[in-house]
Amino acid sequence: MKRIIAGVVCAVLMLSVTACSCNDGNQKKVTVGKIKLGTYKGVEVQKSTNEITDKELQEYIDYICEYNSYVESVEEGTLEKEMKVKVDYVSTIDGKEYTGGTQTGAVITLKEGSFKVDGVVEALIGKKVGDVVEVDTKYSDTYSDSTLKGKDVHFKITIKSIQKTVIPEFNDEFAKKYFSYLGYEKADDLKAYLKEDMRITEIINEVWAGIVETFEVESYDSVKLEELTNSYADYQEYIIYAYTGYSLEEYLAAMGQTEAQFRKEMEDSAKAELKEKMVVEEIIKAENLTITDEEYTAKLKEYAGNYGYDKVEEFSSDYADYKREDFEFSMLYEKVQELVVKNIVVGEDKTTAPSDDKYKEDATTTAGSDKKEEETTAAK
């Protein structure tokens with residue numbers, strides 16, 4: 001769920017680095033992070049935010065089911081437009097095979113432009129699984145591989161199966177298969193859980209930024225601020241080069257921005273991230289929130305399931321860079337959110353239209369399975 005996303009843990013890991021001198025030759029004042037407690041109880045939310053409608057819940061359930069869709073190979077039937085089919089093919093030019101001209105288990109979507117040459121898709125429509133189809137066509141004059149541009153080519157294609165996408169039904173079997181790691185084996189129980197989680201997510205989305213604003217930072221941890229600012233700057237420099245080929249200096253010159261202005265932007269981003277963590281830590285301290293060993297074990301199992309792992313040990317191994325304190329902070333962050341929601345005040349609605357996609361992105365970590373790509377694209 002959105003409240004248990006990796007981004008939270010990643011941010012925590014970045015902020016929980018060991019302090020270092022970070023000496024660049026200039027004497028810098030070292031400060032510790034201090035923040036004044038703000039308002040996090042009695043926060044007002046809109047009535048509609050606090051109430052998840054049946055329609056909203058059903059849309060979310062439908063999306064989760066679709067996310068957990070899978071592909072079945074159907075080894076009989078007639079090919080129709082828009083179908084996905086698995087084929088083996090061999091192509092020759094002047095009677096000779098060539099590099100890249102043979103593929104086994106290629107998946108082709110039967111629609112215009114989905115294959116690398118014209119005529120193949122059209123020749124497949126109407127044929128049956130098991131048929132061998134031969135097509136004479138040619139590579140276009142604008143084809144990406146210059147050695148193949150404009151050349152006549154012969155394809156011999158064996159149709160292996162129709163690839164049918166199956167969307168599972170939301171029932172007890174679905175609950176048990178995808179959410180047993182959370183302890184849910186009944187559809188009705190899972191539905192209640194999803195509805196409450198949606199409510200918490202929507203409330204936090206509405207009020208969290210306002211809560212953070214009520215907290216006043218007196219000082220930032222200078223070491224963490226320096227390190228996080230450097231991390232932001234390094235990442236931005238990498239993105240600039242990856243997408244434009246420009247060095248940072250060249251990019252800033254083109255944008256009419258000074259290095260000092262760029263550094264200020266990176267520091268502002270770092271401060272925003274640091275402040276949010278400080279807010280959470282201050283609420284944790286004020287409420288004396290803790291994580292017991294039992295809670296930690298249960299939550300780690302939940303995290304593993306959210307990321308598609310059957311075993312906690314495998315999850316822990318793949319995320320070995322994260323320390324227990326990092327995971328505990330994420331768990332405590334959830335407790336802070338639940339505390340905020342428990343103490344809300346429901347007010348009247350404001351005249352703003354909700355987004356149609358407000359729940360869909362949550363499903364990627366809710367689904368309890370790490371979907372693996374099953375298609376091999378043939379449209380190269």
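**Exercise 1.** How many aromatic pairs does a search of the whole structure find?

Solution. The model is predicted, with local features needing pLDDT of at least 70, side-chain atom pairs counting only at pLDDT 80 or more, and totals for chains, interfaces and linings using all residues. Residues are numbered from 1 along each chain as its sequence is written, and side-chain values use heavy atoms, leaving out hydrogens and water. Rings of Phe, Tyr and Trp (its six-membered ring) pair if their centres lie within 6.5 Å. The search finds 22 aromatic pairs.

**Exercise 2.** Classify the pairs F179–Y181 and Y303–F327.

Solution. Planes under 30 degrees apart count as stacked, over 60 as edge-to-face and the rest as tilted. The ring centres of F179 and Y181 are 6.3 Å apart and the planes are at 20°, so this pair is stacked. For Y303 and F327 the centres are 6.3 Å apart and the planes at 45°, so that pair is tilted. Y303 belongs to helix α10 (residues 293-306) and F327 to helix α12 (residues 324-342), 24 residues apart; helices are DSSP runs (H or I, at least four residues), numbered from the N terminus.

**Exercise 3.** Which residues join Y303 and F327 in a cluster of ring pairs?

Solution. The cluster also holds Y307, Y309, F315, Y319 and Y322.

**Exercise 4.** Where do the charges of K277 and R324 sit?

Solution. The test requires NZ of Lys or CZ of Arg within 6 Å of the ring centre and within 35 degrees of the ring normal. K277 lies over the face of F329, 5.0 Å from the ring centre. The charged end of R324 is over the ring of Y296, at 4.0 Å from its centre.

Notes. Helices (H or I, at least four residues) and strands (E, at least two) are DSSP runs, numbered from the N terminus.
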